[in-house]
Each structure stands twice: as C-alpha cells, then as structure tokens.
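Me: I'd like to go through this model with you. Can you put it up first?

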Amino acid sequence: SAKETLKWVELLVAFSVVAIDVALEERWRLLAVASVAAAAEATVGVVQFVAGIGPPAFAIGPFMRAHGNFEQPNPFAGYLAMMLPLAVTGALLGARSRWVWWVSLATGPAIALGLLLSLSRGGWLGAAAGVGAVLLVWSQATRRLLVLAVVAGLALVVAAVLGAMPAVVAERMQATVEYFGVFDVRAIEVTPENWAVAERLAHWQAAWSMFLSRPVLGVGVGNYAAAYPDHFILGWDNPLGHAHNFYLNVLAEQGLAGLAVWLILLLVVVRTALANLDRSGMATARRAVNVAVLGQTAAFATHSLFDNLFVHGLGVLIGLLWGMLIVEDRSDG
C-alpha cells in the first residue's frame with residue numbers, strides 16, 4: 001500500500017511544481033523537452049525492433065517488439081501514446097509558433113514509429129483516442145479530417161479481419177476483435193495466437209471477483225497480487241502485479257469508493273481543459289496546451305482499459321501535464 005501511495009505522491013508533487021512554479025511562457029519549453037525525451041526513447045525502441053534486441057518473450061513471429069528502457073512493450077507504448085497528441089498539437093500550430101512546429105515535426109514521426117513497432121494494441125488504441133480528441137476540438141477542418149481518420153481506421157480493422165495485412169498485425173487485431181468482451185476466460189480455447197488476450201481476461205475476472213468480495217472499499221491499495229491466490233482462475237496462477245485494466249484494478253483494490261474518486265478526477269481534468277478552451281480571447285499557443293493535455297488524458301484513459309500505466313515513473317509525466325491546466329487556469333487571474 002505504501003509503494004502504491006508513493007506513486008500518487010509523486011504525481012501530486014509534479015503537478016504542484018508545475019502549477020506553482022512554471023510561468024505561462026515556459027510551458028512550451030517544458031513540453032518541448034518532454035517531446036525530445038519521448039523521441040529519444042522511441043528511437044531506442046526502433047533500434048531494438050530492427051536489430052532484434054530483447055528477450056525472446058517479446059518476439060512475435062520474426063519481429064522483436066520495441067520496448068525501450070521500460071523493459072516491457074506495453075508501458076513503453078503507453079508513454080509514447082500519451083506523447084503523440086502533444087506532437088500533433090504542436091504540428092497544428094504551424095507558423096504561429098514556428099519553433100514548436102519544428103520540434104513537433106522532428107519528434108512526432110519518431111514517436112509514432114516507436115509506438116507502431118511496439119505492436120501494442122492498447123497503445124495503438126490509446127494513441128487513436130488521444131489524436132482523435134485533438135482533431136475533434138482543434139478546428140472545423142480537423143473535425144472533417146477526423147471523420148476520414150475514423151473511416152481509415154475501420155478499413156484497417158476490416159483488412160486485418162480479412163487477412164489483408166501483414167500476418168503478425170492481422171493476427172493480433174483478429175484476436176482482439178474475436179475475444180474482446182468475453183469475460184469468462186474458461187469459455188476460451190487458449191492458443192498461442194489468443195494467449196495474451198486470454199491472460200488479460202483471466203486477470204479481469206480475478207479483479208471482478210475481488211470486487212464482489214469487498215465491493216465498497218476493496219481488498220486494499222496495492223493488494224491485488226496479495227489477494228490474487230484467493231480469486232484467480234484455474235490455470236492462471238501468476239498475479240502479474242495488477243489486473244491489466246486500471247479501472248478494474250481500482251475497483252478490486254479500492255472498491256466503488258475508489259473508482260468513484262478516480263472517475264471524478266478524470267472528469268475534473270477534462271472539464272478544466274474544456275473550460276480553458278472556452279475562454280474568450282485565448283491565444284492559439286495557450287489553447288494548444290489545453291488541447292494537447294486533453295489528448296494526452298484521452299490516450300491515458302483509453303490505454304488504461306488494457307493496462308496499468310502507473311509504472312516506471314509515468315505518474316510524474318501525468319502530473320506534469322495536468323499541472324499545465326492550472327497554469328492556464330490561473331493565467332487570467
């Protein structure tokens with residue numbers, strides 16, 4: 001419990017430092033540094049994919065999944081998925097902030113490529129949600145572009161189901177489409193192709209069992225692995241540390257009370273970003289900060305349906321980005 005609580009303390013400290021000490025004119029410099037760091041991390045992942053560097057467990061067919069310094073592909077992908085909306089927003093600024101535009105054009109492709117080569121379905125969905133949120137709120141023109149992007153995304157899913165894509169990608173997408181929504185993992189015939197999806201379903205079901213045993217306050221913060229032996233599905237006895245779904249993990253460990261607090265926090269973040277966007281006279285660069293954070297939050301919230309991203313210090317990044325909203329919130333007095 002103490003270890004998990006410290007992660008939230010880290011988030012709160014990062015949030016407070018940005019909200020209190022970062023001046024309005026410094027926000028894009030801080031975000032630029034974060035973008036360059038993400039591009040560097042993505043480059044490490046690209047090298048791993050091309051050179052086949054990594055443990056055998058990360059190999060899918062002939063490909064080594066990019067994982068960077070995270071030691072796991074999915075948190076690596078979650079990190080890049082949160083940073084991609086920032087690069088897209090900076091690119092949309094164009095000549096109105098030329099140096100931000102150049103940084104975004106330099107870092108965005110590397111971030112996108114690293115994310116792609118992670119072969120992380122949760123990361124891909126998170127990035128799609130994050131970039132989609134940016135396009136939705138930026139302008140009328142980007143909303144029209146979003147419609148085309150949605151059509152293209154649906155076409156890719158259909159192509160994967162029909163086997164018209166590279167086998168590795170098609171198999172991963174087919175397994176997700178076929179088994180997403182199946183909750184009783186005991187009804188699934190496990191194969192090498194669907195094993196990862198089945199493993200997640202088993203942990204979702206164990207988390208749901210924990211919630212049913214203590215629905216109000218849960219089994220205790222950080223106690224998912226400790227409670228797992230009393231709730232796991234036969235054949236899936238490795239607790240893995242979390243439920244591979246942050247919402248179910250909160251529900252299991254903190255019950256309805258904890259989930260309610262978490263959902264309220266997300267709603268407050270989104271409401272603050274949207275309220276900042278609605279302010280009259282807001283300059284484009286200032287507006288872009290809120291759009292970027294809104295996209296980041298959408299990416300984080302979506303990927304959290306398939307993983308727990310409060311690992312490897314990502315809580316610090318989340319606190320930093322959310323703190324940007326308070327910089328905007330106080331800027332008009």
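Me: Which residue takes a positive phi just after α2?
Reply: G52 does, with a phi of about 70 degrees. One note on the numbering and atoms: residues are numbered from 1 along each chain as its sequence is written, and side-chain values use heavy atoms, with hydrogens and water left out. The model is predicted, with local features needing pLDDT of at least 70, side-chain atom pairs counting only at pLDDT 80 or more, and totals for chains, interfaces and linings using all residues.

Me: OK, zoom out. How many helices and strands are there in the protein chain?
Reply: Twelve helices and two strands. Both are DSSP runs, numbered from the N terminus: helices are H or I with at least four residues, strands are E with at least two.

Me: What pattern do they follow along the sequence?
Reply: It reads α-α-β-β-α-α-α-α-α-α-α-α-α-α.

Me: How much of the chain is buried?
Reply: Buried residues make up 50% of the 333 residues. Buried means under 20% relative accessible area, exposed means over 50%, and partly exposed is in between (1.4 Å probe, protein chains only).

Me: What share of the contacts comes from residues 24 or more positions apart?
Reply: 70%, counting contacts in the chain with a separation of 6 or more. Contact means heavy atoms within 4.5 Å.

Me: Back to α2. What length should α2 span?
Reply: Its 25 residues should span 36 Å at 1.5 Å a residue. The end C-alpha atoms are 37 Å apart, which agrees. The expected span is 1.5 Å times one less than the number of residues.

Me: At what angle do α2 and α3 cross?
Reply: Roughly 130 degrees, and their axes come within 10 Å. Here α2 is residues 27-51 and α3 is residues 73-93. The axes are lines fitted to C-alpha atoms, for helices over the stretch in contact, and angles run from 0 to 180 degrees between N-to-C directions.

Me: What do you call that angle between α2 and α3?
Reply: It makes α2 oblique to α3. Under 35 degrees counts as roughly parallel, over 145 as roughly antiparallel, 65 to 115 as roughly perpendicular, and the rest as oblique.

Me: Is the crossing of α2 and α3 left-handed or right-handed?
Reply: Left-handed. That means the near helix is turned anticlockwise from the far one by less than a right angle; clockwise would be right-handed.

Me: Which residues in α2 meet α3?
Reply: Among them are W28, L31 and A34 in α2, and they belong to a set that meets α3 residues including F76, Y79 and M83. Ala, Val, Leu, Ile, Met, Phe, Trp, Tyr, Cys and Pro count as nonpolar, Asp, Glu, Lys and Arg as charged, and the others, Gly among them, as polar.

Me: And how do α2 and α4 cross?
Reply: At roughly 35 degrees, with axes that come within 8 Å. α4 covers residues 98-117. The crossing is left-handed.

Me: How do the residues of the contact of α2 with α4 divide?
Reply: Into 15 nonpolar, four polar and one charged.

Me: New topic, α11. How many of its residues are buried?
Reply: 15 of its 20, so α11 is mostly covered. The helix runs over residues 284-303, and its end C-alpha atoms are 28 Å apart, which agrees with the 28 Å it should span.

Me: At what angle do α3 and α11 pack?
Reply: About 155 degrees, with their axes 9 Å apart. They are therefore roughly antiparallel to each other. The crossing is right-handed.

Me: Where does L240 lie?
Reply: In the loop between α9 (224-227) and α10 (246-277). L240 has a positive phi of about 60 degrees although it is not a glycine. L240 is partly exposed, at a relative accessible area of 31%.

Me: What is phi for H312?
Reply: Near 55 degrees, a positive value in a residue other than glycine. H312 lies in the loop between α11 and α12 (314-330). At 44% relative accessibility, H312 counts as partly exposed.

Me: Last one. Is E253 buried or exposed?
Reply: Buried, at 6% relative accessibility. E253 is found in α10. Leaving aside neighbours within four places in sequence, E253 is in contact with residues including L217, V219 and Y224.
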